[in-house]
Amino acid sequence: MLALSVLAALLQAPLSAPPNVVIVLMDDIGRDKVGAYGDHADAPPTPHLDALAARGVLFRNAWAYPVCSPTRAALLTGRHSDRTGIGTIIGIADGVLTPLPFSETILPEALPDHTSVTLGKWHLRDVGDSLTHPIQSGFDAAAGYVGSPTYFHWTTHVNGVRRNESGYFPSALARRGTEVLERLDEPFFLYHCPILAHSPWHLPPSYLHTQEPSTFPPILHKAMVEAFDHHLGLLLASIDLETTYVFVVGDNGSPNVTVSPPWPPSHGKRTPYEGGVRVPFIVAGPRVARGAECDELIHVTDVFATVMDLVGRPAPPTGAEDSTSFAPLLIDPAADGARDHLYFHQFPFPGATSQVPELRAVRTKRWKLIERPDVPAEELYDLQADPHELDNLLLSNPGPTTDALRDRLLALMPQFP
C-alpha cells in the first residue's frame with residue numbers, strides 16, 4: 001500500500017513542466033569498479049558517480065544481461081530477449097542479419113513531447129548505417145561512430161553525415177553531449193552511450209585518470225573507468241537535477257580479465273553470475289530521495305515503465321510487457337518493490353556461425369538458479385550466504401530440500417508465446 005500511495009502522490013502532483021530524462025549506459029563497468037558501491041576495496045576513484053549516488057538512489061540488486069546488445073534492447077523496449085529476439089551480441093560476421101526490428105516500440109516513440117537524441121554506441125544493428133537505424137527506430141537525432149573505433153581514430157556519424165576524426169573519442173563524445181544538452185529545447189530525452197570502459201584496453205590521456213603507466217588490463221580498465229567518470233562529470237555539469245531525471249546504468253559486469261579477488265575473475269561479463277548481470281544502477285532527479293540505497297529487485301527492462309511514470313505518460317498500447325515501474329522506490333527506497341524475482345535468457349541467433357551458450361537464470365532476494373540447457377546442467381546458490389556463487393548447492397548439498405528450491409525457482413521462469 002505504501003508503494004501505491006507514493007506513486008499516486010507522485011503522479012497527482014506533477015512538476016510545473018514535463019521533466020527531462022537522461023540515460024547514461026556504461027559499457028563493461030561492473031559494481032566492482034564504482035566506489036559508491038563499496039563492493040571492492042580496490043575500486044578506482046569515481047567521484048562523479050559517487051556524487052550522483054549522494055544526490056539520488058543507488059540500487060544494489062539491479063539485473064541486466066551478460067552482454068550489451070540484449071541489455072540495450074531490453075532497456076529501450078521494456079521487453080525480454082525472448083520477445084525482441086536479441087539474445088546475445090549482434091555481430092557483423094556471424095552470417096545472419098539480426099537488427100532490433102522496427103516493429104518494436106522504443107522509449108522515444110513513447111515520449112512524443114520529448115525531443116530525443118542518442119549519442120555514442122548503438123549496437124542494435126549489424127549492417128548498414130548504424131546511426132540511421134536509431135532514427136528509423138524512433139529517435140529524432142543520432143550521432144556516434146561508424147565501425148569499431150580505436151578510441152584515438154574514428155569515423156563520426158551525425159545524422160547520416162560522416163567524417164574522419166582523431167583525438168580521444170570519449171572526450172569528443174562528452175563535448176557533443178554537453179553541446180546537445182545546451183541546445184535542446186525542453187522537454188528532452190537523451191540516451192548517452194559512451195564506449196568506456198570496453199576493450200581495446202588502453203591508457204586514456206593522463207589528465208583523465210590517476211593510474212600509473214601499465215599494459216596490465218586491470219590497471220588499464222581502472223584508468224578507462226576514471227575517464228568515464230570524468231566525462232560523466234562534464235555531462236552532469238550541464239544538467240539541472242531539479243528538472244531532469246538521470247539514470248546511470250551498467251550494460252553488464254566488468255570483463256573477466258579486469259576482475260580481481262575477492263571477486264571471482266571467472267564470474268564477470270558473459271557469465272550468468274552476479275558479477276556478470278548485477279550492474280551499477282543509480283537514479284537522481286526531482287523528488288528522488290537523496291543519498292539512499294535500495295535493496296529491492298529491479299531489472300533493466302523496468303526503465304521503460306519507470307520513465308513513463310516519472311513523466312506522467314501512460315504505457316504504450318503495445319510493447320513493454322516485461323517492464324515494471326520502480327518509481328515508488330525513488331521516492332521511498334525503503335518501500336516494498338514490485339518484483340519478487342528477476343530473470344534473463346541468453347541464446348544464440350538461429351543460423352549464426354558464431355555460437356554462444358544458452359543460459360537462463362532466475363533469482364529471488366536470496367536464491368538463484370542458473371540453467372545451462374546446452375550441457376545440460378543447473379546451479380543453485382544461496383546469495384545471502386554465498387554472494388560470489390562458489391557453492392553449487394545441487395552438488396554440495398543434494399536432496400529433497402535443494403530439489404524443492406530448484407523446482408520453485410524453475411516455476412518462476414516466465415513462459416513466452
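**Buried residues, strands and helices**

Guide: Glu379 lies in strand β14. The model is predicted: local features need pLDDT of at least 70, side-chain atom pairs count only at pLDDT 80 or more, and totals for chains, interfaces and linings use all residues. Residues are numbered from 1 along each chain as its sequence is written, and side-chain values use heavy atoms, with hydrogens and water left out.

Visitor: Is Glu379 buried or exposed, and how do you know?

Guide: Buried means under 20% relative accessible area, exposed means over 50%, and partly exposed is in between (1.4 Å probe, protein chains only). Glu379 has a relative accessible area of 10%, so it is buried.

Visitor: What does Glu379 touch?

Guide: Contact means heavy atoms within 4.5 Å. Leaving aside neighbours within four places in sequence, the contacts of Glu379 include Tyr273, Lys368, Leu369 and Arg372.

Visitor: What makes the pair Glu379 and Tyr381 a polar contact?

Guide: A polar contact is a pair of N or O atoms within 3.5 Å; within protein, one must be able to donate a hydrogen and the other to accept it, and residues adjacent in sequence count only if both atoms are side-chain atoms. The side chains of Glu379 and Tyr381 are joined at 2.5 Å.

Visitor: Why is β14 called an edge strand?

Guide: The open sheet has the order β11-β12-β13-β14, with antiparallel pairing. Both β11 (342-346) and β14 pair on one side only.

Visitor: How do you know that β12 and β13 pair?

Guide: Two strands pair if DSSP finds at least two bridges between them. Four bridges join β12 (residues 359-363) to β13 (residues 367-372), and the two run antiparallel. Val362 stands opposite Leu369 in β13. Helix α12 (residues 400-412) packs on this sheet, touching β12, β13 and β14.

Visitor: How do you know that the buried residues of α2 line one face?

Guide: In α2 (residues 47-55), the buried residues are Leu49, Leu52 and Ala53. Seen down the axis of α2, they fall within an arc of 100°, so they line one face of the helix. The arc is that of the directions from the helix axis to the C-beta atoms. An α-helix has 3.6 residues a turn, so residues three or four places apart point the same way. Among the elements covering the buried residues of α2 are β1 (20-26), β2 (56-63) and α7 (217-236).

Visitor: Why does Ser266 count as partly exposed?

Guide: Relative accessibility of Ser266 is 48%, so this residue counts as partly exposed. Ser266 lies in the loop between β8 and α8 (274-277).

Visitor: What makes His114 count as buried?

Guide: His114 has a relative accessible area of 5%, so it is buried. His114 is found in the loop between α4 (81-84) and β3 (115-120). A polar atom of its side chain lies 2.8 Å from the backbone oxygen of Pro19.

How values were computed: Axes are lines fitted to C-alpha atoms, for helices over the stretch in contact, and angles run from 0 to 180 degrees between N-to-C directions.
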